[in-house]
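Here is a short report on backbone geometry and on a chain contact. Look through the sequence and the model first.

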Amino acid sequence: MIPFAGWDMPVQYRGLVEEHNAVRTAAGLFDLSHMGELFITGPDAAAALDYALVTAPGKLAVGRAHYSMIVDTDGGVLDDLIVYRLGDTRYMVVPNASNAATVSSALKERLAGFDAVLDDASMRTSLVAIQGPRAAEILQPFVDVDLKTIKYYSGTQTTACGVPAILARTGYTGEDGFELFVAWDDAVRVWDTLLEAGASRGLVPAGLGARDTLRLEAGMPLYGNELNRDTTPFEAGLGRLVSFAKPGDFVGRAALEHAKDHPRKALVGLKLTGRGIARIGYPVYLPAATVACGSVTSGTSSPTLGHAIAMSYVPIDKTAIGVEIEVGIRDQRAGAQVVPMPFYKRST
Amino acid sequence: MDIPDNLKYSSEHEWIAPSGKTAKVGITGYAAEHIGDIVFVELPKVGTQVTAGSSFGVIEAVKSVSELFAPASGKVVAINERVAKEPELVTAEPYGAGWLVEIEMSNDGDLSKLKDANGYRDFIASLPE
């Protein structure tokens, strides 16, 4: 167990690689109760979120969800999050645990003037995620809906394992999977039920360690590593999220219109070709340069691919696939190459 | 927990197997288990001088980097090339095929500062979980 964003979280249950591989080949069960859950309700909920976030949640069909960001007025990323439209006038926003309080207060501020209210349910809502190619068959007997009808990036109110739940087909692993938002007091029942039922199909509990290696292979950014207030969505390669087409102003619009054409850095995926494993904070160099041109934001030995992978910010003209980069690992330089992200993509 | 009786142990969880002037060095089963799935081992070059208590290499799991500390001073006379290619050997056989380096010891006194198997067993029993 380690402290994480104010929570005690398991890094691993049985072993990181075993848990990682289980999610890629069968299924893993994650306790993500640390994540924030913010409900925004009211006649203006859609308009308020259009103003507060960079995407256009107002355009989401009821039951659908999308990946979004909340930025500061200067365009710096405050958090990345998922927005679920639960009803015409009801949304759920799921921020990172480390930013839940920041997002909650920023949203509350931005809701002023709109006929919408925010209910921060983070401290009474648990999140249990089941991820992996066998997630659907394990979960199906315990939910009231036909999972085939639940599309990727959608969410619906239902009953799971006998308790009220918001069921969503979302995740952070690069695999198919589901997330179940339930009341705190119901979480243990959901966890125990699924774990017991799934054990024979290869379901294992998975910790923060596997969560990080899975999301990294899937090329998904982590706030605090790839994303922070000094980074714009464009620099992080997520400019497609920003909806300039939506009507009206939104927080950060002016800054982002400028930032779009003035990135100061660019996020790339790296495959290590030399010996060693690039880790967060290790300096990144252009070949033979003495001064670093960036630093590793996330890095690991990839359990699925069998070699070391990393993400790093580099100068904006060094993002082409195949560009040679060097990573400073202790007193040596290891060769690396810019490769496409995601590093891993599931075959189905 | 496997702790062979014929070895000496450091508080940094390295073992050493003296044989005349030279000695093989590796990490203990306890260390291997705690590090988890070992994916990378960085060892010194043959000929490198190592100092008791100082770092001589690095062992990495998927999510962690751990330094290796020399249990005794001396010159590296051999390294285990196999673990460079198959780091998982360290996890599987920490006292056997997963040995790391062989050193020519320069200070006989170093060995007397190390723990025997019983001493090491007591030591790890005293560590917090």
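## Backbone and contact

A:Cys161 is buried, because 21 other C-beta atoms lie within 10 Å of its own and 20 or more count as buried. This is a predicted model. A:Cys161 sits in the loop between strand 10 (155-160) and strand 11 (163-168) of chain A. Its phi is positive, near 50°, and the residue is not a glycine.

A:Arg330 also has a positive phi, about 55°, and is not a glycine either. Its loop runs between strand 18 (324-329) and strand 19 of chain A. A:Arg330 is exposed, because 12 other C-beta atoms lie within 10 Å and 12 or fewer count as exposed.

Most residues other than glycine have a negative phi, and most peptide bonds are trans. One cis peptide bond to inspect joins A:Met341 and A:Pro342, with omega about 0°. A:Pro342 lies in the segment after strand 19 (332-339) of chain A.

| Residue | Phi | Other C-beta atoms within 10 Å |
|---|---|---|
| A:Cys161 | near 50° | 21 atoms |
| A:Arg330 | about 55° | 12 atoms |

Now the contact between the chains. How many residues does it take from chain A and from chain B? Chain A gives eleven residues and chain B gives eight residues. On chain A, helix 1 (16-25), helix 6 (208-217) and strand 16 (294-301) each supply at least two residues of the side that touches chain B. By class, that side of chain A has four nonpolar, six polar and one charged residues.

How values were computed
Residues are numbered from 1 along each chain as its sequence is written. Chains are lettered from A and ligands numbered from 1 in the order in which they are written. This is a predicted model: local features need pLDDT of at least 70, side-chain atom pairs count only at pLDDT 80 or more; totals for chains, interfaces and linings use all residues. Two residues are in contact if their C-beta atoms, placed from the backbone, lie within 7 Å. Helices (H or I, at least four residues) and strands (E, at least two) are DSSP runs, numbered from the N terminus. Ala, Val, Leu, Ile, Met, Phe, Trp, Tyr, Cys and Pro count as nonpolar, Asp, Glu, Lys and Arg as charged, and the others, Gly among them, as polar.
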